[in-house]
Amino acid sequence: MSAIAAFSKFHFHRQFTATFEVSVHRYVQLARMKQASNRLASNGALSVTEIAMDAGYESPDAFARAFRQRFGQSPSSFRKSPDWAPWLAAFGPLEIARSKLMNTTYTENDVTIREVAPTQVAVLEHRGDRARLNETIESFIRWRKAAGLSPETSPTFNIFRSERTPANPDDYSMDLCVGTDMPISADDEVMKAGTIPGGRCAVLRVNGASHNLEPAALYLYRDWLPASGEEARDFPIYCQRYITFRPDAAAHDVVAELFLPLK
């Protein structure tokens, strides 16, 4: 990598750390551990040993020590009952590093207008400070896993009802949804039934870095919409996530589509 960057090995390490606020070694560790933990949670066919070797560890014991130190669970325990809160927190440095210099410029050619069908969904509403969003995501993942609604077979949607960082943090509002026509009991303490309405939508595809869709959403609202002559419908912008939960997906394979409902 240092040769590709035309730096000495020492200077490359120093520049990488200064730019991304994480060392090369730490970045590689986090990337490998993220893929390994995803495989543990979603692929029962692979043994812990196979996952450890694929992640670059010399032995299952070395992998287990590193995994327990980072997530507070053994790999076997995580496979049976993942604790997602420390998992989400652990990869904060990785997501921050990836977003540093990976901004995408969008053009009108990236936007298509599509007629979409209405979608029945189960909805978990997050209302309040975004700092507590990880807890909501954890509840969402637990519920859909218990319901047998795999991301591979049941689509995942986020409905954005506020800015990503509103002036008052308590005004943050987002719905986490999973597509399903199964009945949701009125007594369900986690989810409620809902519908994403059909109709005409401007659609913008986002490849990679789908943890922060605000730049893409701002392009649709602030740049594309005024120039298009279209008028927004009275429903918030939302996204469908496609490969985010696939364990073997590379960063550039992670895809989300943003939908801006139109009249």
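Two strands count as paired if DSSP finds at least two bridges between them, and helices (H or I, at least four residues) and strands (E, at least two) are DSSP runs numbered from the N terminus. On that basis, β2 and β5 are joined by five bridges and run antiparallel, with T119 sitting opposite I196 of β5. The model is a predicted one, so to speak of local features takes a pLDDT of at least 70 and side-chain atom pairs count only at pLDDT 80 or more, while totals for chains, interfaces and linings use all residues. Residues are numbered from 1 along each chain as its sequence is written, and side-chain values use heavy atoms, with hydrogens and water left out.

Overall, the protein chain comes to nine helices and eight strands. Of its 263 residues, 40% are buried (under 20% relative accessible area; exposed is over 50% and partly exposed is in between, with a 1.4 Å probe and protein chains only). Taking a contact as heavy atoms within 4.5 Å, residues 24 or more positions apart supply 69% of the contacts in the protein chain that have a separation of 6 or more.

Now for the sheet. Its eight strands are ordered β1-β6-β8-β7-β3-β4-β2-β5, and the sheet is open with antiparallel pairing. β1 and β5 (192–196) are the edge strands, each pairing on one side only. From one strand to the next, the twist averages 35°; axes here are lines fitted to C-alpha atoms, for helices over the stretch in contact, and angles run from 0 to 180 degrees between N-to-C directions. Helix α8 lies across β2, β3 (156–160) and β4, at about 15° to β4.

Strand β3 is mostly covered, with five of its five residues buried. Both faces are involved: T156, N158 and F160 are buried on one side, F157 and I159 on the other. β3 pairs with β4 in the antiparallel sense over five bridges, and I159 faces D175 in β4. Four bridges also join β3 to β7 (residues 238–241), again antiparallel, and there the bridge partner of N158 is C239.

At 1.5 Å times one less than its number of residues, the 15 residues of α9 (residues 214–228) should span 21 Å, and the 20 Å between its end C-alpha atoms agrees with that. α9 still has a kink of about 30° centred on L220, where the bend is the angle between axes fitted to the seven residues ending at a residue and the seven starting there. Just after the helix, G229 takes a positive phi of about 80°. The buried residues of α9 are A216, A217, Y219, L220, W224 and L225, and what covers them includes β1 (111–116), β6 (199–207) and β8 (255–261).

A nonpolar core is a set of buried Ala, Val, Leu, Ile, Met, Phe, Trp, Tyr and Cys residues joined through side-chain atoms within 4.5 Å. The largest one has 33 residues, and M191, L204, L220, W224 and L258 have the most contacts inside it. Two or more residues each come from β2 (119–127), α8 (133–146), β4 (173–179), β6, α9 and β8, with α9 giving the largest share, six residues. Leaving out residues up to four places away in sequence, L220 touches V111, A202, L204, L225, I237, L258 and L260. Apart from this core lies another, of 23 residues, including I51, F78, W87 and A90.
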